[in-house]
Amino acid sequence: MPVTRTVTVQAPVIATEIKRVLVQRMRGHQIGILGGTFNPPHLGHLLIAEGVYNALHLDKILFVPDAQPPHADGKHTIAAKDRVAMVKEAIADNPHFCLDELEVRRGGKSFTYDTIQELKRRDPLAQYYFIIGADMVNDLPHWHEIDKLVKIVTFVAVRRPGVIVHSQYPVIWVDVPQVAISSSGIRQRVAKGESIRYLVPDGVAAYIKEHKLYAEHA
């Protein structure tokens, strides 16, 4: 006769799991947002996202490339399709990092207020945490619809050595490993034919080389 094996699950274990699921549904997902041009994405972006994810015990981090930066500074920005493709390469091996192309699909200047409104329509119960650098905190009073924005999103600022700010808006401060990597520095190195190994994920470096990005623009 075949042998039948019975697995018994303790009732308290089932009750605990049901409670966890119900609490999750009631509070909604806790979602971090890292927006930017990602021209190109680099290891500094990934360190910041991972640091905030762990510090705040979030469910996931959305990487949101912009279609057009709201504050034009004269920098050369490559096509959105290339920046999106590089973000995909950069986050491919991290299950709690996700790409969201809503700003690219919307087109035009990318204002955070419009983005959060769209995300809230998509998932009204979710709690959103928008990640910014310490140097951006002082600029918050100048953000588009900032008084409305702070009511629908929580700002998370990443500390930087020597940067001291006092914000009139609520901000959660998070410490992450400090690395001196910038997208502009990477573009300059590529334009000079220098190595960008260990500055960007290997997939990003390969994409830049294959598509000959930044060779003429630093």
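User: Let's start near the end of the chain. Where is Lys-212 found?

Analyst: Lys-212 is found in the segment after α9. Keep in mind that this is a predicted model.

User: What's its phi like?

Analyst: Lys-212 has a positive phi of about 55°, although it is not a glycine.

User: And is Lys-212 buried or exposed?

Analyst: Lys-212 counts as exposed, because its relative accessibility is 67% and the cut-off for exposed is over 50%.

User: There's also His-57. What about its phi, and where does it sit?

Analyst: His-57 is not a glycine either, and its phi is positive at about 55°. You'll find His-57 in the loop between α2 and β2. His-57 is exposed too, with a relative accessible area of 64%.

User: OK, stepping back. How many helices and strands does the protein have?

Analyst: There are 9 helices and 6 strands. The protein has 218 residues, and 39% of them are buried. Of the contacts with a separation of 6 or more, 71% are between residues 24 or more positions apart.

User: How do the strands pair up? Say, which ones go with β1?

Analyst: β1 pairs with β4 in the parallel sense, over 4 bridges. β1 also runs parallel to β2, and 6 bridges join those two. For particular residues, Gly-32 has Tyr-129 in β4 as its bridge partner, while Ile-31 stands opposite Lys-60 in β2.

User: Is β5 enclosed or open?

Analyst: Largely enclosed by the rest of the structure, because 4 of the 5 residues in β5 are buried.

User: Can we zoom in on Phe-130? Which strand is it in?

Analyst: Phe-130 lies in β4. Phe-130 counts as buried, because its relative accessibility is 9% and buried means under 20%.

User: What is Phe-130 in contact with?

Analyst: Leaving aside neighbours within four places in sequence, Phe-130 is in contact with Ile-33, Thr-112, Ile-116, Trp-143, Val-153, Thr-154, Phe-155 and Val-156. As for Ala-157, it is 27 residues away from Phe-130 along the chain, and their C-alpha atoms are separated by 8.4 Å.

User: Switching to the nonpolar core. How many residues are in the largest one?

Analyst: It has 32 residues, and those with the most contacts inside it are Ile-61, Phe-63, Met-86 and Ile-208. The elements that each supply at least two residues of this core are α2, β2, α3, β4, β5, α8 and α9. α3 gives the largest share, with 5 residues.

User: Are there other cores, or what else is there?

Analyst: There's a second, separate core of 23 residues, which includes Ile-33, Leu-119, Ala-126 and Tyr-128.

User: Back to Met-86. What does it touch?

Analyst: Not counting residues up to four places away in sequence, Met-86 touches Phe-38, Pro-40, Pro-41, Ile-78, Val-204, Tyr-207, Ile-208, Leu-213 and Tyr-214.

User: Last topic: pockets. What's the volume of the second largest pocket?

Analyst: About 180 Å³. Its lining has 5 nonpolar, 2 polar and 4 charged residues.

User: Which helix gives the most to that lining?

Analyst: Helix α9, residues 202-210, with 4 residues. The lining residues include Asp-202, Ala-205, Ile-208 and Lys-209, along with others such as Val-190, Glu-194 and Arg-197.

Definitions and conventions:
Residues numbered from 1 in each chain as written. Predicted model: local features only at pLDDT ≥ 70, side-chain atom pairs only at ≥ 80, totals over all residues. Heavy atoms only, no water. 1 Å grid on protein atoms, 1.4 Å probe; cavity = no way out; pocket = protein on both sides within 12 Å on 5 of 7 lines; lining within 4 Å. Points joined across faces, edges and corners; volume = space filled by probe spheres on them. Nonpolar A, V, L, I, M, F, W, Y, C, P; charged D, E, K, R; others polar. Buried < 20%, exposed > 50% of the residue type's maximum accessible area, 1.4 Å probe, protein only. Core = buried A, V, L, I, M, F, W, Y, C linked by side-chain atoms within 4.5 Å. Contact = heavy atoms within 4.5 Å. Pairing = 2+ DSSP bridges.
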